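Hi,

Here is the structure I promised to hand over. Please open it first; my notes follow below.

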Amino acid sequence: MRVVRPRPALLLALALLGTPLPAWAEPAKTDSVKTDSVKTDATKTGTGKAEGTLAQVKARGHLVCGVSPGVAGFSVPDGQGHWTGLDVDFCRALAAAIFDSPEAVRFIPQSSAARFTALQSGEIDVLARNTTWTLSRDTAAMNFPAITFYDGQGFLVRKALNIGAVKQLDRATICLQQGTTTELNLADWFRTRGLTYQVVTFANSEQTLGAYESGRCDAYSTDQSSLYGERLKTAHPDEHVILSEAISKEPFAPGVRQGDDQWRDIVAWTHYAMLDAEEAGIRQDNVEQMRREAPSPDARRILGLEGGYGERLGLTADWVARIVRHVGNYGDSFARNLGDGTPLKIPRGLNALWNQGGLQYGPPIR
Amino acid sequence: MSRADGFLTEGYVRKTLIPPAPPPRRLGGPLAWVRTNLFASWTDGLVTVLILAALAWLVPLALRFLVFDAVWTGTSGEACRPEVVGHPVGACWAFIGEKINYLAYGSYPAAERWRPNLFFALLAFGAGWMLWLGAPKRAWGAAYLFVVFPVLAYALLAGMPALGLVSVATGLWGGLLVTVVVSMVGIVASLPLGILLALGRRSDWPVVRYACIGFIEFWRGVPLITVLFMANVMLPLFLPGDLTVDRLVRPLVGIALFASAYMAEVVRGGLQAIPEGQMRAALALGLTKTQALRAVVLPQALKIVVPGIVNTLIGLFKDTTLVSIVGIADFIRVLEAARADPRWSAPAVPATAYAFAALFYFAICFGMARYAGFIERRLAAGDAR
């Protein structure tokens, strides 16, 4: 007597086995090989496809933008799932320049692990996810066209301690989140200055903030842009201050795939256009008036009344007017998402225009 | 010799009568119930007192946080700060209230939200049809839930321009919707797949047997998080540039295969508990092997493993939160994103978000466990006869 042999069922099971395994059973390719595979892939998407990213975006009818899944001031969903923030505004500005609509964009929240893959595989057109521009990332098959936010590692301390500069934190205990470059930056900075400090690390930002609030540490260190959000989570935000000094450079830049110069130009000039508009005094609330009156030659060129610079990018002549009308200039976006109008109250600092003591410098549109 | 005799006599034959005991003081009523169930012995009494003390300490704490000190209305995080409210603040339910649409649908377009709503309704209908034992034509219910419903759900949620349903990219799905979709796909795929794999593993065709063993051991041998990382981070790099698999489908396939490997082992446990004689008797009666399997072996085997199946399903439901690590906006992920909102920054908000998540997951898992308990009692009724 033989054991049962249910044929149809088994054949099905067999068929199911065959399909998924080859694609999945490649555990040998680990992180060290990743860069290589990224490169081959980039060449494929960059040169293999006849049409550039702009043509693909236009054909699709909307932009696909990778954002952070929730960082105060940079990309936050509201109660209806509508995204806001500085990074989000940048993508909306791109969409406005291309489609004359800030809503012609899909936001795909990206985890920090998957963000570069998403860009390489063509899942997203642009990555605006408070990503620090570094050499190793720049050479790994992606480009960072322009710096949209200058950040740096800072410190949150109690006002009562009366600390004004980082060097006064000598012999202090500092709370950090594990597994970030924060710890290395801190070590470099304190060691080169011959200062001592003690570090207490935690698994996540909640625990780190909790330890700082409970008095376990004198200071809490991470990127300044996040510290403003963290301060709001404390029981008494007024009792804490963020030191203006930064001990590292964290330039946040949108990322694009290598090998598509037109798209790279469009992304870079979208940011520059927002800066140039601010510099020329073209704001969201006066853009139509400026277009009618067209005071200065500079403003005329920016607004597309002279020249036809938008066409050179593959866009329309009024591309900047579209951006400012729908999203605003850089200052508008900053004020709406990070500045004094928001609970975060992040000062412009390095992100002020170059002629106001900052680093934001838009090359001329001409 | 005599010693053994004495032992036997003393051990097995009483020589004296037991002294008559007085009748029990009380057999019914609440007091008797308390006596027998809570204070039957000295240790029972001690444990009861300890548990009561713990409850007396914890329940008021929880109630104060969840209800009495909670803030129910407000338009920003300021409303949930103690200095504004004037007393210590518990949960900030106003935050959940403001974000509830985002928590339910993610960024699913507001004008199209009737589609996820209809999806939930169709799911509830199908689940009710299949799970309510008195429902008419339950076989049709199963066919609906396992075949018709997935097709309907796909057309409804992803869109079908031919039917006038605008397509909605899966990147816009989020929250409760994604959690339900991921766990439903896991449950609907893993049960039949798991049964097939379990049967395959006991087959006497070596090719099939070893293929099933290989499949099961491979998927059980890798952590779910590795599977998800492979699906969402590595897989797109290996695929040719013009071939893209949807970013929600990739982890869905991974979870379904992963869960089916576990389900296969649970079902195999049940199959092995059925004596060989059952199958032989069924064959001797003239049933074909498939009939015998379907009508005799599988019903008994599945009945045995109901607790194991439910255990796997509950585990699967909770494991779906891992997709948030690879950037899928599931319920936990949208909660995290929602509380990043600087307008709603207050010390009470993170605890509120996690309390809400805990209540949500507990309600669903407890519901599943209770239903399984009911099914078990129902199936055991046959044994009692």
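What pLDDT does chain A average? Chain A averages 85, and 86% of its residues score at least 70. Keep in mind throughout that this is a predicted model.

**Confidence**

The model scores ipTM 0.77 and pTM 0.82. In chain A, the element with the lowest mean pLDDT is helix α2 (residues 20–24), at 34. The highest mean in chain A belongs to helix α5 (residues 86–99), at 97. Residues 1–49 of chain A stay under 50 in pLDDT. The model still has 67 contacts beyond four places in sequence for that stretch. Where pLDDT is low, the predicted coordinates should not be read in detail.

Chain B has a mean pLDDT of 88, with 95% of its residues at 70 or more. Among the elements of chain B, helix α1 (residues 2–12) has the lowest mean, 54. Helix α9 (residues 206–221) of chain B has the highest, 95.

**Domains of chain A**

Chain A is divided into domain 1 (52–150), domain 2 (153–248) and domain 3 (260–356). The centres of domain 1 and domain 2 of chain A, taken over C-alpha atoms, are separated by 29 Å.

**Helix packing in chain B**

My notes here follow helix α11 (residues 249–273) of chain B.

*α8(B) with α11(B).* Helix α8 covers residues 176–201 of chain B. The axes of α8(B) and α11(B) come within 6 Å and cross at roughly 45 degrees. That angle makes α8(B) oblique to α11(B). The crossing is right-handed. On the α8(B) side, the contact includes Val182(B), Gly186(B), Ala189(B), Leu193(B), Leu197(B) and Arg201(B). On the α11(B) side, the residues include Leu252(B), Ala256(B), Ser260(B), Met263(B), Val267(B) and Arg268(B). By class, this contact has 16 nonpolar, four polar and two charged residues.

*α9(B) with α11(B).* These two helices pack at an angle of about 115 degrees, with their axes 9 Å apart. This crossing is left-handed. From α9(B) come Phe215(B), Ile216(B), Trp219(B) and Arg220(B). They meet Leu257(B), Phe258(B), Ala261(B), Tyr262(B), Ala264(B) and Glu265(B) of α11(B). The contact has eight nonpolar, no polar and two charged residues.

*α11(B) with α13(B).* Helix α13 covers residues 289–304 of chain B. It packs against α11(B) at an angle of about 120 degrees, with the axes 8 Å apart. So α11(B) is oblique to α13(B). α11(B) passes α13(B) in a right-handed crossing. Which residues make the contact of α11(B) with α13(B)? α11(B) supplies Val267(B), Gly270(B), Leu271(B) and Ala273(B). α13(B) supplies Val297(B), Ala301(B), Leu302(B) and Ile304(B). Seven of these residues are nonpolar, one is polar and none is charged.

Best wishes

Key. Residues are numbered from 1 along each chain as its sequence is written. Chains are lettered from A and ligands numbered from 1 in the order in which they are written. This is a predicted model: local features need pLDDT of at least 70, side-chain atom pairs count only at pLDDT 80 or more; totals for chains, interfaces and linings use all residues. Axes are lines fitted to C-alpha atoms, for helices over the stretch in contact, and angles run from 0 to 180 degrees between N-to-C directions. Helices (H or I, at least four residues) and strands (E, at least two) are DSSP runs, numbered from the N terminus. Angles under 35 degrees count as roughly parallel, over 145 as roughly antiparallel, 65 to 115 as roughly perpendicular and the rest as oblique. A crossing is left-handed if the near helix is turned anticlockwise from the far one by less than a right angle, and right-handed if clockwise. Two residues are in contact if their C-beta atoms, placed from the backbone, lie within 7 Å. Ala, Val, Leu, Ile, Met, Phe, Trp, Tyr, Cys and Pro count as nonpolar, Asp, Glu, Lys and Arg as charged, and the others, Gly among them, as polar. Domain bounds come from an automatic or database domain assignment. pLDDT is the predictor's confidence in each residue, from 0 to 100.
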